[in-house]
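Thanks for asking me to look this over.

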Amino acid sequence: MNSKNLLMMVEIAIFSAIGIILDKLTFSLWPQGGSISLVMVPIVIMAFRWGTVAGLVTGLLIGTMNAMFGGFILTPLQGFIDYFFAFTVVGLAGLLRPLVTRAQTASEKALYITIGTIIGGLIRYVAHATAGYVFFSEYAGDQNPLIYTIVYNGSYMVPAIILTAAIVSLLMTKAPKLLEPKKR
């Protein structure tokens, strides 16, 4: 194994641990779950630093640890969607890494980072909304379950996506070395 791959794996482990800590420092909105946290920040940083695969692996590890350390799982499929899939797909932000690395200005980098973060965050949002619609529709009461889950999950996912995009864009434009894995 070369030192670059080893460094990437060590960073994935460290950023996954940071993600779990950030997920525990949350602003909870609803008693049934869902909170505004910065858990996506380390996933997105890894996606832009090392690429999509590193972002996906970081998200998978965070989702796995979330499920292990207090996840609310009704069925295996719901657990897969809400934890393993939802956090993994945030790493798709890295699909825009080539555009970020070729960007000429800080504002151009921030734009691509924001778009990538929105892509990963929105797919996570869709995953949570899908699980909510399929497995938690009884909480909707007399309301339309689809509208209920879109609003419910949007109430914490939209602010989390905005915060993540703002923080990662700021970090990576003010400290551009974060985008460059250490060369050995």
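Predicted model: local features only at pLDDT ≥ 70, side-chain atom pairs only at ≥ 80, totals over all residues.

1. Residues are numbered from 1 along each chain as its sequence is written, and side-chain values use heavy atoms, with hydrogens and water left out.

2. Helix α3 (residues 52-68) packs against helix α4 (residues 76-88) at about 160 degrees, with the axes 7 Å apart. That makes α3 roughly antiparallel to α4 (angles over 145 degrees count as such). Axes here are lines fitted to C-alpha atoms, for helices over the stretch in contact, and angles run from 0 to 180 degrees between N-to-C directions.

3. On the other pairing, α4 and helix α6 (residues 106-135) have axes that come within 9 Å and cross at roughly 170 degrees. These two helices, α4 and α6, are therefore roughly antiparallel as well.

4. Please have a look at Gln78, which sits in α4. Gln78 counts as buried because its relative accessibility is 0% (buried means under 20% relative accessible area, with a 1.4 Å probe and protein chains only). The Gln78 side chain reaches the backbone nitrogen of Leu74 at 2.6 Å. Leaving aside residues up to four places away in sequence, Gln78 touches Phe72, Ile73, Tyr83, Phe135 and Phe136.

Conventions
Helix = DSSP H or I, 4+ residues; strand = E, 2+ residues; numbered from the N terminus. Parallel < 35°, antiparallel > 145°, perpendicular 65-115°, else oblique. Buried < 20%, exposed > 50% of the residue type's maximum accessible area, 1.4 Å probe, protein only. Polar contact = N/O pair within 3.5 Å; in protein donor to acceptor, adjacent residues only side chain to side chain. Contact = heavy atoms within 4.5 Å.
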